[in-house]
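The following exercises guide the reader through one protein model.

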Amino acid sequence: MSYSDDRENLKMKPSITRRQFLKEYTAGSLSLAALGCSALPQKLAQQSRNQRQIADYRIYFGDLHNHNEVGYAQGSLGRTFEIAREHLDFFAFTPHGYWHDIGHYENNIENKWLKGFEVTKKRWPEVLEMVSKYDQPGKFVTIAGFEWHSRSLGDYHILFPGLEAEYVRFDDLRQFQQFAKQRGAIMIPHHPANRLGHRGANLKWLDPEVSPVIEIYSEWGNAEHDRAPYPYIRHTEAGRWTQNTLQHFLAQGYRLGVIASTDDHLGYPGAYRKGLAAVLATELTREAIFDALRNRRTYAVTGDRIRLDFRLNGRLMGQELPYTPQRELAVTVTGWEQLDRVEILKNNRVLHRDFPMDRVPTARSWNEPVLLRFEYGWGPWPALGMTRTCDWDINISLKNGVLEDVQTCFQSGPLDETRRDKILERSSSHLRVQSFTALRQQFEDIPTKAVVLKVKGVPDTRVTITLKAPTQVSLSQTFRQLAQSGEMLFTGDFPKESAMLHRLVFYDHYYTSYKVSDTDDGADVNWYYLRVVQANEQLAWSSPIWVEPKARGSA
Ligand SMILES: [Zn+2]
Ligand SMILES: [Zn+2]
């Protein structure tokens, strides 16, 4: 969800200024993004109207795979839906459903799974009720589904295209795929990089009609390749098997789009750093999201809602093109941190690498909004034995600056049934956030949460953070100061919780747009995808674009 105030109204405006254009671009419209920023405002407005008639895709972020106490994970069902609605555009809750080839394990731990499946069976009508109750096309889209485990074939989760969805147990994948096909459902293979035979994806059984996309990142880790950051470490079934990574599958000729989702087990969909699915859809409806999934107009992010526009000869990610020797690759990326590098890969190797964070900001950098990250948490380290949850009431006010967009970075830990992370108030100069943190159940050992503000400001813009909880304390800085250095806010003496305002991120560093040419003799199929690495180690990957080989015998 972008927290933009006027996302829906933008379509109606007859013409836009450059400022509005930038605001619109960062808020939602992909078709404008492809135009770059060099054209004149008037021309931009004209082009944008024309382009919209062709393709009017917007980027939406959601979680298509996660768990709670319906199944064998934690956290109540109602809380899960509340959390999802607070910070996601779309949401599929996928309770643990069935495991046809489960074995008999040490300490009878299989009973944990088997009991979980019984809970799902019993509470399935309740799940469907929640899916129906929370569905609000245009604002928040819910999807029904469930998970199917398999030691030999790899795990899938099924997503239903409508509110009528059956919970069924299949022992045979072919029958399951047939069932999905009949219902227009989608089955997504997830944590694919486990070894074959140990819940790794067995793509020989993949039905591309039912499974157009693969989940390459979740709390399990990153399946792009066997040396990519975020190895498989959290779950039990060993590390990443080279032959089951995305790059290997692509090299084998599989044509899959990519998504990420959390696979969170604390009932916290959309948990920061565990993965999100991004779709390019014409509107926020279940139909449009399914259309995006089926056509692989999807991409994966680990946490920060990085905006990607990646095209080859004007065609969007996920598409297959007939052979052409000349390829123009157009890239536009807007991050939520400094972009360390933006890479175009061809056949799994980097074709072009761009380093936005090496650029030098100038006085003109103030013409564009800056990013301001407020991160809070820390607190007594576990060895001190002071296990507590800290409540935060955070007021952020801006003087001489306009708040244009906000990203929340709420992680799933600590598990708490009553507390909520929430934006309580928001205006163009003020943000109030309610949140809680603990050095407990934190993901990747990181005990903090954050909000990132996109602010149009000047060196004299002043940001003031005033806490009402955990204690009354404040921090005030000008953008001039924050351009030079981040600053801390301590809620008391050691070992009390603390917070920080990160050093500002300028547009030069979080935005990039460029074009690269490539030629190929067409001896073989080529695939191109985009990889983004932010300085804070948050990643994004586009779905690939394929170019067919030259037909044999043709000139
Ligand atoms: Zn699974
Ligand atoms: Zn799962």
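**Solution.** The model is a predicted one: local features need pLDDT of at least 70, side-chain atom pairs count only at pLDDT 80 or more, and totals for chains, interfaces and linings use all residues. Residues are numbered from 1 along each chain as its sequence is written, and chains are lettered from A and ligands numbered from 1 in the order in which they are written.

Step 1. Helices (H or I, at least four residues) and strands (E, at least two) are DSSP runs, numbered from the N terminus. Two strands pair if DSSP finds at least two bridges between them.

Step 2. S1 and S2 pair in the parallel sense, over two bridges. Asp63 is placed opposite Phe91 of S2.

**Exercise 1.** Describe the other pairing of S2 with strand S4 (residues 141–149), and state which residues of S2 are buried.

**Solution.** Step 1. S2 and S4 run parallel and are joined by four bridges. Phe90 has Val141 of S4 as its bridge partner.

Step 1. A residue is buried if 20 or more other C-beta atoms lie within 10 Å of its own, exposed if 12 or fewer, and partly exposed in between, with C-beta atoms placed from the backbone.

Step 2. In a regular strand the side chains alternate between the two faces of the sheet. In S2 (residues 90–93), Phe90 and Ala92 lie on one side and Phe91 and Phe93 on the other; all are buried, and both faces are covered.

**Exercise 2.** Determine how helix H4 (residues 77–87) and helix H5 (residues 110–134) are arranged, and which residues join them.

**Solution.** Step 1. Axes are lines fitted to C-alpha atoms, for helices over the stretch in contact, and angles run from 0 to 180 degrees between N-to-C directions. The axes of H4 and H5 come within 11 Å and cross at roughly 25°.

Step 1. Angles under 35 degrees count as roughly parallel, over 145 as roughly antiparallel, 65 to 115 as roughly perpendicular and the rest as oblique. H4 and H5 are therefore roughly parallel to each other.

Step 2. The crossing of H4 and H5 is right-handed; a crossing is left-handed if the near helix is turned anticlockwise from the far one by less than a right angle, and right-handed if clockwise.

Step 3. Leu77, Phe81 and Arg85 of H4 make the contact with Glu126, Val127, Met130 and Tyr134 of H5. Two residues are in contact if their C-beta atoms, placed from the backbone, lie within 7 Å. These residues divide into five nonpolar, no polar and two charged. Ala, Val, Leu, Ile, Met, Phe, Trp, Tyr, Cys and Pro count as nonpolar, Asp, Glu, Lys and Arg as charged, and the others, Gly among them, as polar.

**Exercise 3.** Identify the buried residues of helix H8 (residues 286–294) and the strands against which they pack.

**Solution.** Step 1. Arg286, Ala288, Ile289, Phe290, Ala292 and Leu293 of H8 are buried.

Step 1. These buried residues pack against S2, S4, strand S6 (186–189), strand S7 (213–218), strand S10 (276–281) and strand S11 (298–301). After H8 comes Arg296, with a positive phi near 60°.

Step 2. S11 is covered on both faces, with Thr298 and Ala300 buried on one side and Tyr299 and Val301 buried on the other. S10 and S11 run antiparallel and are joined by four bridges; Ala278 has Tyr299 of S11 as its bridge partner. S11 also pairs with strand S30 (residues 539–542) in the antiparallel sense, over three bridges, and Ala300 has Trp541 of S30 as its bridge partner.

**Exercise 4.** Give the strand order of the five-stranded open sheet and state which strands stand at the edges.

**Solution.** Step 1. The order is S20-S23-S18-S27-S26, with antiparallel pairing.

Step 1. Strand S20 (402–409) and strand S26 (487–490) stand at the edges; each has a single partner strand, so one side of each is left without a neighbour in the sheet. On average, neighbouring strands of this sheet are turned by 20° against each other, direction ignored.

Step 2. Within this order, strand S18 (residues 370–377) and strand S27 (residues 498–501) pair in the antiparallel sense over four bridges. Gly377 has Ser498 of S27 as its bridge partner.
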